[in-house]
Amino acid sequence: MKPLEIKKGIHWVGGVDWDLKEFHGYLTRRGSTYNAYLIVDEKITLIDTVKECFCDEMLIRIKEIVDPKKIDYIVSNHTEMDHSGSLPRVLELCPNAEVIASPNGEKGLKKHFGKDWNFKIVNTGDSVNIGRRNLSFVLTPMVHWPDSMVTYIPEEKLLLSNDAFGQHIASGERFDDEIEWAILEEEATRYYANIVLPFGAQVKKALEAVSGLEIDMIAPSHGLIWRSKISDILDLYRAWAANTTEDKAVIVCDTMWGSTKKIAEVISSVFEKKGIPAQLLDLETTHISDIMPLLLTAKYICVGSPTLNNGMLPTVAAFLTYMKGLAPKNRVGLAFGSYGWGGQSIGQMDEILSGCGFEMLEKLRVQYVPSEEELNGIFDTLKKAL
Ligand code: FEO
């Protein structure tokens, strides 16, 4: 459990969570890290901590460098407990340390831990001198919580970005150029789509706020540190925050006896005919968090369910609840399905998609098992609508 010096006098002292496979409904098959950073200067400074169960791992790493009693400042960029969970134990070791946080950070930490620590409140533009270096703060509310902020060290051209630019990857490597770009891109995309997506407007503001900074390293609080692919990750965030879509379709459904799936296949063939790439995903075998990265840039979102007990299948309801919360914007929606008698599910899905602000296509429904004629009718109706 060695620390790693990422810049002269600045050490990664975080924890590696190989076992994390689920994070608030999001499958994290590659695990994650909780990155904390120790800066050895005239004032010893710890940037964030780790999830409580990784506190010992972090302390072992810190003790390789300095006695934790000597920590002067702990910067809490974000209150969520994957970063603040070890604060109580660390502060038992250095009770006089000042906890630097945003105004909402102070409130959040007091509500989480019930302690009146020695807080130092900072706002955007504030700086704290720690010797050779200055810590400069930019508040980034809602990236990821109202308390979130980032810390910039101009002398090092280093941005400590907390949740922003993170990826859920457990690894022995610490830098972006030490693992394949395809893995980094996939996990950064999954992370944005499943966590950051609702906060596009705030991400835009945060990107503007840091756009004037000279940066040669971005050290997030999850996953790999960016030093070689900084412009790549910034470009991806700019595109995602702008909600830029492409002519692509994602068709998501579940089926009872195969009728809704037959409609989904016809819908897919219409998109194909129109030269629009389509992906068909069955919720029986696909996790909802695996669908979100595909929705990140797809213009068309089609959702299908038969009617079960006057409603949609629970898998479809779960997907729609999850997607609605993540709030993709500027999309075109389509609800479809088969039914026996009531057929309520199609109207319910249409209402939810419409409630997401999507421009809606005419809903498609077929009673019981669709005949060839009915499937041809669906093909023609949708082809005309696209
Ligand atoms: Fe990684 Fe919002 O906590």
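I note at the outset that the model is a predicted one.

**Entry 1: N162.** Is N162 buried or exposed? I found a relative accessible area of 2% for N162; the cut-off for buried is under 20%, so N162 is buried. I then looked for a polar partner and found D48, whose side chain is joined to that of N162 by a polar contact of 3.0 Å. Setting aside residues up to four places away in sequence, I listed what N162 touches: D48, N77, H78, H83, M149, A219, P220, S221 and H222.

**Entry 2: V75.** I placed V75 in strand β9, which covers residues 71–75. The relative accessibility of V75 is 0%, and I recorded this residue as buried. Which residues are in contact with V75, apart from neighbours within four places in sequence? I noted T45, L46, I47, D48, I100, L135, F137, M149 and T151.

**Entry 3: helix α7.** I turned to α7, residues 230–241, and counted twelve residues. From first C-alpha to last, α7 reaches 16 Å, close to the 16 Å expected at 1.5 Å a residue. The buried residues that I recorded in α7 are I230, I233, L234, L236, Y237, W240 and A241. Viewed down the helix axis, the buried residues of α7 fall within an arc of 160°, so they line one face. In general, an α-helix has 3.6 residues a turn, so residues three or four places apart point the same way. Against what do the buried residues of α7 pack? I found α5 (181–196), α6 (200–211) and β16 (217–220). After α7 comes N243, for which I noted a positive phi, near 55°.

**Entry 4: the two domains.** I took the bounds from the domain assignment of the chain: domain 1 is 4–241 and domain 2 is 249–385. The C-alpha centres of these domains are 39 Å apart. Domain 1 contributes 14 residues to the contact, and domain 2 contributes ten residues. Between them, domain 1 and domain 2 bury about 1100 Å², with 60% of this area on carbon and sulfur atoms. Which residues of domain 1 lose the most area to domain 2? I recorded N194, L197 and P198, which together account for 42% of what the domain 1 side buries.

Methods:
Residues numbered from 1 in each chain as written. Predicted model: local features only at pLDDT ≥ 70, side-chain atom pairs only at ≥ 80, totals over all residues. Heavy atoms only, no water. Helix = DSSP H or I, 4+ residues; strand = E, 2+ residues; numbered from the N terminus. Expected span 1.5 Å × (residues − 1). Buried < 20%, exposed > 50% of the residue type's maximum accessible area, 1.4 Å probe, protein only. Arc of directions from axis to C-beta. Contact = heavy atoms within 4.5 Å. Polar contact = N/O pair within 3.5 Å; in protein donor to acceptor, adjacent residues only side chain to side chain. Domains from an automatic or database assignment. Buried area = accessible area lost by both parts, 1.4 Å probe.
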